[in-house]
Amino acid sequence: MKTAALLFVLLPFGSLAQADSPRIDAVEAVKSGMGWRFSVTISHPDSGWDHYADGWEVVDADGNVLGYRELMHPHKNEQPFTRSLNMVIVPDGVREVYVRARCSAEGWSGDPTPVTLSPGG
């Protein structure tokens with residue numbers, strides 16, 4: 001298994017997303033075999049089962065979903081938190097993807113976070 005370079009993307013605190021939308025704080029993308037492993041760090045004011053960050057996805061420039069990570073429970077006492085998704089297949093030649101998060105009450109957050117993929121290191 002060949003592992004390539006990883007990338008952390010930190011977002012500025014100013015965002016067009018709503019105050020209660022999840023915020024993506026960092027993304028780590030690592031090439032692993034034929035796929036990619038994405039680790040996404042999210043901040044969100046989870047208040048319980050009625051309002052919590054409930055997922056994130058990786059999409060290409062055309063909005064095609066390449067991978068989706070469902071979050072099964074609130075993370076009220078674990079902020080920010082990081083969850084990973086393995087074996088995301090990114091088409092050959094694609095060097096930038098986007099990650100966006102959603103919450104159970106507000107839906108998808110604002111603008112997706114761009115992530116530059118660097119398979120060669």
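Let's start with the open sheet. It has 3 strands in the order β1-β2-β5, with antiparallel pairing. Strands here are DSSP runs of E, at least two residues, numbered from the N terminus. Two strands pair if DSSP finds at least two bridges between them. The edge strands are β1, residues 23–32, and β5, residues 81–88; each pairs on one side only. From one strand to the next, the twist averages 15°. That angle is taken between axes, lines fitted to C-alpha atoms, on a scale from 0 to 180 degrees between N-to-C directions.

A word on the source. This is a predicted model, where local features need pLDDT of at least 70, side-chain atom pairs count only at pLDDT 80 or more, and totals for chains, interfaces and linings use all residues. Residues are numbered from 1 along each chain as its sequence is written, and side-chain values use heavy atoms, with hydrogens and water left out.

Back to the strands. β1 pairs with β2, residues 35–43, in the antiparallel sense over 9 bridges. V27 stands opposite V40 in β2.

Now a second pairing. Strand β6, residues 96–103, runs antiparallel to β8, with 4 bridges. Here V97 stands opposite V115 in β8. Look along β8, residues 113–116. The side chains alternate. Buried means under 20% relative accessible area, exposed means over 50%, and partly exposed is in between, with a 1.4 Å probe and protein chains only.

Next, the core. Which residues have the most contacts inside the largest nonpolar core? They are F38, I42, W56, V90, V97, V99 and L117, in a core of 22 residues. The elements giving two or more residues to this core are β1, β2, β3 (53–59), β5 and β6. β2 supplies the largest share, 4 residues. A nonpolar core, as used here, is a set of buried Ala, Val, Leu, Ile, Met, Phe, Trp, Tyr and Cys residues joined through side-chain atoms within 4.5 Å. In soluble globular proteins, nonpolar side chains tend to be buried together.

Take L117. Leaving aside neighbours within four places in sequence, L117 is in contact with A29, W36, F38, V90, V94, R95 and V97. Contact means heavy atoms within 4.5 Å.

On to the aromatics. How many aromatic pairs does a search of the whole structure find? It finds 2. In one, the rings of W49 and Y52 have centres 5.7 Å apart and planes at 80°, so the pair is edge-to-face. The rule: rings of Phe, Tyr and Trp (its six-membered ring) pair if their centres lie within 6.5 Å, and planes under 30 degrees apart count as stacked, over 60 as edge-to-face, the rest as tilted. W49 is exposed, at 59% relative accessibility. Y52 is buried, at 11%.

Y68 and W108 also form an edge-to-face pair, 6.5 Å centre to centre, with 75° between the planes. Y68 lies in β4 (65–70) and W108 in β7 (107–108), so the pair ties together parts that are 40 residues apart in sequence. Y68 is partly exposed at 38%. W108 is partly exposed too, at 29%.

The charged end of R100 sits over the ring of W108, 4.1 Å from its centre. R102 lies over the face of W108, at 5.6 Å from the ring centre. The criterion is NZ of Lys or CZ of Arg within 6 Å of the ring centre and within 35 degrees of the ring normal.
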